[in-house]
Amino acid sequence: MDNRERIDTLERDRILPRAELEELLQAYSDGDRLYAASKARAVADAIFGKKVYFRGIVEISSYCKNDCLYCGIRRSNRSAQRYRLTEDEILDCCARGYTLGYRTFVLQGGEDPWYTDDRIVSIIRRIRRDFPDCAITLSLGEKERGSYQRYFDAGANRYLLRHETASPSHYAKLHPPELSWEHRMQCLRDLREIGFQTGCGCMVGSPYQTAADLVEDLLFMKEFRPQMIGIGPFIPHKDTPFREESPGTLRDTLFLLSIIRLMLPHVLLPATTALGTIQEGGREQGILAGANVIMPNISPPQVREKYMLYDNKIGVGDDEVSSRDRVARAVESIGYEIVVGRGDYQGGMEDD
């Protein structure tokens, strides 16, 4: 079958054989990409309407115990600017975000041992007490099941943990030996079993990645059926071993967003900051390709330039009002509206 037929099959049946998916990813044209985007946007509009969910990100720490080869806050980067937000500072970010209409707060940070389970639980409980109508999303990396259970019991609703790659051999090329692909996958299974709305995701165009690796990602996501999927282009950081590697492309990332929307119609799918970083207007193009979530930054302005996972990240000079207003105008310029609400996953059996 040709690529248009493959895209039609995805729209209709939500799945393609491995060989057909690989051929689609290897040989698609710009016309195929736009065709997939039109199909994906129609699917998203039928489910969500002309609505985009906003989540406020609070980047709580730039310390990380890990040494992932692609990440700007890896522990061996002596040039990284380190900081930690206190509990009161995090709650202040949420309070300011709440006045701007955010009803989901995303606490994101490196794997920082200073944030013990007791500290994280205390933060969750205070947010839950002060903002009972809001969803709490955590993106704090790999933990043991007992830690995840404590966070859930304290009131956290969602957890984002990018799997990065569904290929164990590719994973080993991106991470130091002490990090295990098997453990990362076990973390995702634990999160789902505990009851979190769970998010996974991968980098597009990361070093050593092949079309076959991306097919493994798509098949894994289809089988795992996460409520959220975060993908974005790989962007190198000047102080990592991958500093000279080529970035992923907007084109490939947009195409994969559309494929994911067709395979998992109800998934909550962000147009990431990395999309906007790699090309001006990239997040808006992501929405038009099938995404339905944007996550503006509500971290204190004085720490934004210190949370640098990759080079040239957009928005580091903004405050929370500027971040929201700029993105809101961009969303409205393409005919969509911001949703004030939690924006929980509402998937049905048709995602099976």
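# Chatting through a predicted model

Q: Which strand does E1 pair with, and how many bridges join it to E11?
A: This is a predicted model. In it, three bridges join strand E1, residues 51–54, to E11. The two strands run parallel.

Q: What is the bridge partner of Val52 in E11?
A: The partner of Val52 is Ile338.

Q: What packs on the sheet there?
A: Helix H14 does, residues 320–333. It touches E1, E10 and E11. The direction of H14 makes about 165° with that of E1.

Q: In what order do the strands of that sheet come?
A: The order is E10-E1-E11. Three strands form this open sheet, with parallel pairing.

Q: Which strands stand at the edges?
A: Strand E10 (293–294) and strand E11 (337–339) do. Each has a single partner strand, so one side of each is left without a neighbour in the sheet.

Q: New topic. What is strand E2 joined to?
A: Strand E2, residues 56–61, is joined to E3 by five bridges. These strands run parallel.

Q: Which residue in E3 is the bridge partner of Glu59?
A: Gln108 is the partner of Glu59.

Q: How many residues of E3 are buried?
A: Six of its six residues are buried. E3 covers residues 104–109.

Q: Which residues sit on which side of E3?
A: Thr104, Val106 and Gln108 are on one side. Phe105, Leu107 and Gly109 are on the other. Both faces are covered.

Q: Let's do rings. How many aromatic pairs does the structure hold?
A: It holds 12 aromatic pairs. One of them is Tyr98 with Phe131. Their centres are 5.4 Å apart, with 35° between the planes. That pair is tilted.

Q: Where do Tyr98 and Phe131 lie in the chain?
A: Tyr98 lies in helix H4, residues 87–99. Phe131 lies in the loop between helix H5 (117–130) and strand E4 (135–139). So the pair ties together parts that are 33 residues apart in sequence.

Q: Is Phe131 buried or exposed?
A: Phe131 counts as buried, at 9% relative accessibility. Tyr98 counts as partly exposed, at 26%.

Q: What lies over the face of Tyr98?
A: Arg103 does, at 3.6 Å from the ring centre.

Q: And which charged end sits over the ring of Trp114?
A: The charged end of Arg119, 3.8 Å from the ring's centre.

Q: What kind of aromatic pair do Tyr159 and Phe196 form?
A: An edge-to-face pair. The centres are 5.9 Å apart, and the planes make 75°.

Q: Which parts of the chain does the pair link?
A: Tyr159 is in strand E5, residues 158–160. Phe196 is in the loop between helix H8 (181–194) and strand E6 (197–200). The two residues are 37 residues apart.

Q: Is Tyr159 buried or exposed?
A: Tyr159 counts as buried, at 0% relative accessibility. Phe196 is buried too, with a relative accessible area of 2%.

Q: Where is Glu164 found?
A: In the loop between E5 and helix H7 (168–174). Glu164 counts as buried, at 8% relative accessibility.

Q: What is Glu164 in contact with, leaving aside its neighbours within four places in sequence?
A: Tyr70, His175, Arg184, Gly201, Cys202 and Met203.

Q: Where does UniProt place the "Radical SAM core" domain?
A: The unreviewed entry puts it at residues 50–272. That span is 39% helix and 15% strand. Its end C-alpha atoms lie 18 Å apart.

Q: Last one. What is the phi of Arg14?
A: It is positive, about 70°, although Arg14 is not a glycine. Most residues other than glycine have a negative phi. Arg14 is in the loop between helix H1 (3–13) and helix H2 (18–26). Its relative accessible area is 18%, so Arg14 is buried.

Q: And what about the phi of Tyr208?
A: Tyr208 has a positive phi of about 75°. Tyr208 lies in the loop between strand E7 (203–204) and helix H9 (211–224).

Key:
Residues numbered from 1 in each chain as written. Predicted model: local features only at pLDDT ≥ 70, side-chain atom pairs only at ≥ 80, totals over all residues. Heavy atoms only, no water. Pairing = 2+ DSSP bridges. Helix = DSSP H or I, 4+ residues; strand = E, 2+ residues; numbered from the N terminus. Contact = heavy atoms within 4.5 Å. Axes fitted to C-alpha atoms, helices over the stretch in contact; angles between N-to-C directions. Phe/Tyr/Trp six-rings, centres within 6.5 Å; stacked < 30°, edge-to-face > 60°. Buried < 20%, exposed > 50% of the residue type's maximum accessible area, 1.4 Å probe, protein only. Lys NZ or Arg CZ within 6 Å of the ring centre and 35° of its normal. UniProt positions renumbered as here; feature names shortened; annotations may be inferred.
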